[in-house]
Amino acid sequence: MSSHDPGGIGAGAEHGEPFRATETSFDKQPREAEMPGGGVDEPVSVDVADVHPSLADPTVVAQMVAAKRDVRAQVGEPLLQMQDVTLKFGGLTALDSVTFDIRRGEILGLIGPNGAGKTTCFNALTGVYRPTSGEVLFDGASLGKRKRHQITQMGIARTFQNIRLFNEMTALENVVVGTDARHRTSVPGALFRSRRHRHEEREGMDRAMALLEFVGVGGRATDKARNLSYGDQRRLEIARALATEPKLLCLDEPAAGFNPAEKESLMDLIRQIRDDGYTVLLIEHDMRLVRGVTDRIVVLEFGRVIADGTPEQVTTDPAVIAAYLGVPDDAIA
Ligand SMILES: Nc1ncnc2c1ncn2[C@@H]1O[C@H](COP(=O)(O)OP(=O)(O)O)[C@@H](O)[C@H]1O
Ligand SMILES: [Mg+2]
């Protein structure tokens, strides 16, 4: 596991029972809980305006959050290209000649029944797995044999189907870790706390705070990640991924475990992220949800692309409806 890889902390397969990172054991730390002032785990709500007065203005938040990276592709041109990607696990072909593009500035939905290969696709394009054959091109360059942290630096960030956060760090620290990936200070520079390093550190904090505010958890900045609600942890993961200033943000079932109202509000956030200049790849199980937010949808079934088009085209495609086992459209979840 690379220590330079905030976009891919503890990455690996996404199998087994979904777990909730909120599983905490307060009785492991009786001393802390007895500390004066209620102990370290007492939730405190922070007013961002106290920390950083200009963040009270949503337009300032939006400006600080907006993508600033140089991207070679123009809006609408392919940013990422999966070209004939096959990925085998022993005898199992998880991806079978998968070809599709993600265009700059769009929200692309990647959908399909359980086991269709969605997460494997993510893992192939974030460098967790190497394709058995085929190629992934990103912003004009092949991902080839690049390592995960190099891929993060190229501008691909992701969240996980199972939440992965630094539970003992505060929400703010979790996001600052992401901004570190973009810093240019050398190690000696950081050790001797050069002016540039201090400047980057300050900038990192400000941006992290703006990102927390943007995703809607600004008030929980100083709480340990594990004390955030499940929904807030999901939002925090998105803030951390955005902190690396990705050209492409990949979200693996970010609304898993949400109720319909929470799902809707998360989709609003994803739309806002796109409007701020990011390109988004969204894995989602719930076809109805994806239809409302995506610009285009790619459908996988048994590792193959069975449809690629507008939400209209795809959700009325008989092959897609059959893949979802003929369940009436509005019952698909
Ligand atoms: N690391 C792995 N080792 C073996 N098989 C795997 C591994 N990861 C995924 N698979 C298999 O690949 C197929 C696609 O899985 P996955 O990409 O997780 O599907 P989805 O995310 O669409 O539910 C499944 O049959 C799964 O069991
Ligand atoms: Mg999956």
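Of the 333 residues that make up the chain in this predicted model, 40% count as buried. The chain contains 13 helices and ten strands, and among contacts with a separation of 6 or more, 72% are accounted for by residues 24 or more positions apart. Confidence in the model is expressed by a mean pLDDT of 81 for the chain, with 77% of the residues reaching 70 or more. Residues 1-40, by contrast, have a pLDDT that stays under 50, and for this segment the model has 57 contacts beyond four places in sequence.

Burial is illustrated by strand β3, which spans residues 107-111. Five of its five residues are buried, and the strand is therefore largely enclosed by the rest of the structure. In a regular strand, side chains alternate between the two faces of the sheet. In β3 both faces are covered, with Ile-107, Gly-109 and Ile-111 buried on one side and Leu-108 and Leu-110 buried on the other. The pairing partners of β3 include strand β8 (residues 279-283), to which β3 is joined in the parallel sense over four bridges, and within this pairing Gly-109 stands opposite Leu-282. Strand β9 (residues 296-301) likewise pairs with β3 in the parallel sense over four bridges, and here Leu-110 is the residue that stands opposite Val-298.

A further element of the fold is an open sheet of four strands, arranged in the order β2-β1-β4-β5 with antiparallel pairing. Its edge strands are β2 and β5 (141-142), each of which pairs on one side only. Strand β4, comprising residues 133-138, runs antiparallel to β5 and is joined to it by two bridges, with Leu-137 standing opposite Ser-142 of β5.

In total, 13 residues surround ligand 1, and the closest are Phe-89, Ala-94, Lys-118, Thr-119 and Thr-120. By residue class, the shell divides into five nonpolar, six polar and two charged residues.

Methods: Residues are numbered from 1 along each chain as its sequence is written. Chains are lettered from A and ligands numbered from 1 in the order in which they are written. This is a predicted model: local features need pLDDT of at least 70, side-chain atom pairs count only at pLDDT 80 or more; totals for chains, interfaces and linings use all residues. pLDDT is the predictor's confidence in each residue, from 0 to 100. Two residues are in contact if their C-beta atoms, placed from the backbone, lie within 7 Å. A residue is near a molecule or strand if its C-beta atom, placed from the backbone, lies within 6 Å of it. Ala, Val, Leu, Ile, Met, Phe, Trp, Tyr, Cys and Pro count as nonpolar, Asp, Glu, Lys and Arg as charged, and the others, Gly among them, as polar. A residue is buried if 20 or more other C-beta atoms lie within 10 Å of its own, exposed if 12 or fewer, and partly exposed in between; C-beta atoms are placed from the backbone. Two strands pair if DSSP finds at least two bridges between them.
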